[in-house]
Amino acid sequence: MTADDHRLAHDLAAQTGRRLLTLRAEGGDPASLRAAGDRIAHEYLMAELARLRPGDPILSEEGRDDQARLRAGRAWIVDPLDGTREFGEAGRTDWAVHVALWEQGELTAGAVALPAQQETLSTADPPPRPAADQRAPAGHGGGRLRIVISRSRPPAFIERLAELTGAELVPLGSAGAKVACVVRGETDAYVHAGGQYEWDSAAPVAVARACGLHASRIDGSELTYNQARPWMPDLLVCRPALAGVLLDAIGSSG
């Protein structure tokens, strides 16, 4: 992996996002818009990666899973349009483009473009870790935590977790948009359970880690990518100082 891979991830995510913004501006019925967005974004990313990194296998939400990636030393993991549902809803900004690079067991580069928010977060120029503010779990001397969760599939235990921590729950679309909220310090944590695919979290996790955030499964175990079945059961992204408290509270909420 070179600095060029960081920049490539950033540029591909941003350029895909610009194409999606152009498509969205043309309008159309939501179902057709969503289908076109998935297709256009996927085709662009596949063509550019084939041109610029011809030897690298690609795992894409919209593509055929080439199992050759399991024998490769590196592979790209992309979600051409994360938050397809939100992309088709006028005025929503919580959709994203994810581009990540996996090498030898680790995520080494990644970018999350948030086109409707005019922002691309990436490992090419990681944002600083959010300043530790005064929010902390109830009973720990601080104000109220803010935990971002799925709009459509919040964890079954989330109400209990909110009760234990005194947290406010913030529902959003795309996993990239959720992690971006934590990166920017707008929320304290992102908690997901019930399953995602690797392309949902690879780029957001790469960016989160690059700016010093904690990222793990909800039992504290490691996140693993480029698996034969690209399934990720759950995810916690948060400020490091909160990881222990949240992992304990999640363990008590099940």
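Because the model is predicted, local features need pLDDT of at least 70 and side-chain atom pairs count only at pLDDT 80 or more, while totals for chains, interfaces and linings use all residues. Residues are numbered from 1 along each chain as its sequence is written, and side-chain values use heavy atoms, with hydrogens and water left out.

Let's begin with the sheet. Helices (H or I, at least four residues) and strands (E, at least two) are DSSP runs numbered from the N terminus, and two strands pair if DSSP finds at least two bridges between them. E7 and strand E6 (residues 146–150) run parallel and are joined by five bridges, and Arg146 stands opposite Glu168 in E7. Contact means heavy atoms within 4.5 Å.

Next, the aromatic rings. Rings of Phe, Tyr and Trp (its six-membered ring) pair if their centres lie within 6.5 Å; planes under 30 degrees apart count as stacked, over 60 as edge-to-face and the rest as tilted. The count comes to three aromatic pairs. Phe87 and Trp95 have ring centres 4.8 Å apart and planes at 80°, so this pair is edge-to-face. Phe87 and Trp95 are both buried, where buried means under 20% relative accessible area, exposed over 50% and partly exposed in between (1.4 Å probe, protein chains only). For Tyr197 and Trp231 the centres are 4.9 Å apart and the planes at 80°, so that pair is edge-to-face too. It links distant parts of the chain, with Tyr197 in strand E8 and Trp231 in strand E10, 34 residues apart. Tyr197 is partly exposed at 35% relative accessibility, and Trp231 is partly exposed at 28%. Ring pairs link Tyr197, Trp199 and Trp231 into a cluster.

What lies inside? A nonpolar core is a set of buried Ala, Val, Leu, Ile, Met, Phe, Trp, Tyr and Cys residues joined through side-chain atoms within 4.5 Å. The largest such core has 36 residues, and Tyr190, Tyr225 and Val237 have the most contacts inside it. Among the elements giving it two or more residues are E7, helix H5 (175–183), helix H6 (198–210) and E10. Apart from it lies another core of 24 residues, including Trp95, Val97, Val99 and Leu101.

Finally, some single residues. Glu86, in helix H3 (residues 84–87), is buried, with a relative accessible area of 5%. Beyond its neighbours within four places in sequence, Glu86 contacts residues including Arg24, Arg92 and Arg151. Gln104, in the loop between E3 and E4, has a positive phi of about 50° although it is not a glycine, and is exposed at 65%. Asn226 also has a positive phi, near 60°, but is buried at 6%.
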